[in-house]
2 protein chains.
Amino acid sequence: MNLFFPLPDASVAEAVATLLDRPGLRIERILSRGQPSPPGFWYDQAEGEWVVLLSGAARLRFADEVEARALTPGDWLDIAPHRRHRVDWTDPTRPTLWLAVFYGAHDTGRDIPDSPG
Amino acid sequence: MNLFFPLPDASVAEAVATLLDRPGLRIERILSRGQPSPPGFWYDQAEGEWVVLLSGAARLRFADEVEARALTPGDWLDIAPHRRHRVDWTDPTRPTLWLAVFYGAHDTGRDIPDSPG
């Protein structure tokens, strides 16, 4: 299996493929074609996330930092659980490909939405 | 931090950089410049290993398969614990870069060598 071929259609929404799913570990390939996170949306994850940008370009913003970080291919970072972040921009002219390793949430599974009210 | 720049000298031996080290999880960047595994050597790991080849070319051999697998950039595979394997060949003309995610050996740590005798 190959990370780069074939690439799915991501013209409307990000395309996420789970490459490995084990207790406390999930590896995903994420393909963006110009989609930022929705306005005002912040990721707030129970899991740690190690992520590398493999192609394209993006600006990743942390809630605790003033400026977004400009990412180019090969740039990687480790995002602590519950460190709020969002994707401010991805290059609309070419595919932006991420490899993300989510880890450490053995018991809680995926994020639980806020309870209403 | 970046996966691709700078690359260390790997002219004599493989260069391994640990990018993340957490309980039950270790992410490594491995750079080869033409080094195969030593003759007769097989990796036999307590951990699972998800690995992707990011640049260069390699032939990966499993002990339970007759022929080596030819890997090109983007090719990934998941190697079960204790599935014996070796690197038969990496391209001597250009850097071969791997990203490896080792997982699932919470209690045992790194491989324990066979006890003597």
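Colleague: Which residue in strand 2 of chain A is the bridge partner of Arg22(A)?

Modeller: Good place to begin, and please keep in mind that this is a predicted model, where local features need pLDDT of at least 70, side-chain atom pairs count only at pLDDT 80 or more, and totals for chains, interfaces and linings use all residues. Residues are numbered from 1 along each chain as its sequence is written, chains are lettered from A and ligands numbered from 1 in the order in which they are written, and side-chain values use heavy atoms, with hydrogens and water left out. Strands here are DSSP runs (E, at least two residues), numbered from the N terminus, and two strands pair if DSSP finds at least two bridges between them. Strand 1 and strand 2 of chain A are antiparallel and joined by seven bridges; in strand 2 of chain A, the partner of Arg22(A) is Leu25(A).

Colleague: Which residue in the turn of that hairpin has a positive phi?

Modeller: Strand 1 and strand 2 of chain A make a hairpin, with two residues between them. The one with a positive phi, about 75°, is Gly24(A).

Colleague: In what order do the strands of the open sheet in chain A lie?

Modeller: The sheet has five strands, and their pairing is antiparallel. Strand 1 (15–22) and strand 6 (76–79) of chain A are the edge strands, each pairing on one side only. From one strand to the next the twist averages 15°, with axes being lines fitted to C-alpha atoms and angles running from 0 to 180 degrees between N-to-C directions. The order is 1-2-8-3-6.

Colleague: Which residue of strand 6 of chain A is the bridge partner of Val52(A)?

Modeller: Strand 3 (residues 48–55) and strand 6 of chain A run antiparallel and are joined by four bridges. In strand 6 of chain A, Val52(A) has as its partner Trp76(A).

Colleague: How many residues of strand 2 of chain A are buried?

Modeller: Buried means under 20% relative accessible area, exposed over 50%, and partly exposed in between (1.4 Å probe, protein chains only). Both faces of strand 2 of chain A are covered, with Leu25(A), Ile27(A), Arg29(A) and Leu31(A) buried on one side and Arg26(A), Glu28(A), Ile30(A) and Ser32(A) buried on the other. Strand 2 covers residues 25–32, and the number buried is eight of eight.

Colleague: Which residue of chain B meets Arg22(A) in a salt bridge?

Modeller: A salt bridge is a side-chain nitrogen of Lys or Arg within 4 Å of a carboxyl oxygen of Asp or Glu, and the whole structure has 16 of them over all chains. For Arg22(A), the N to O distance is 2.9 Å and the partner is Asp78(B). The pair joins two chains because Arg22(A) is in strand 1 of chain A, while in strand 6 (residues 76–79) of chain B lies Asp78(B).
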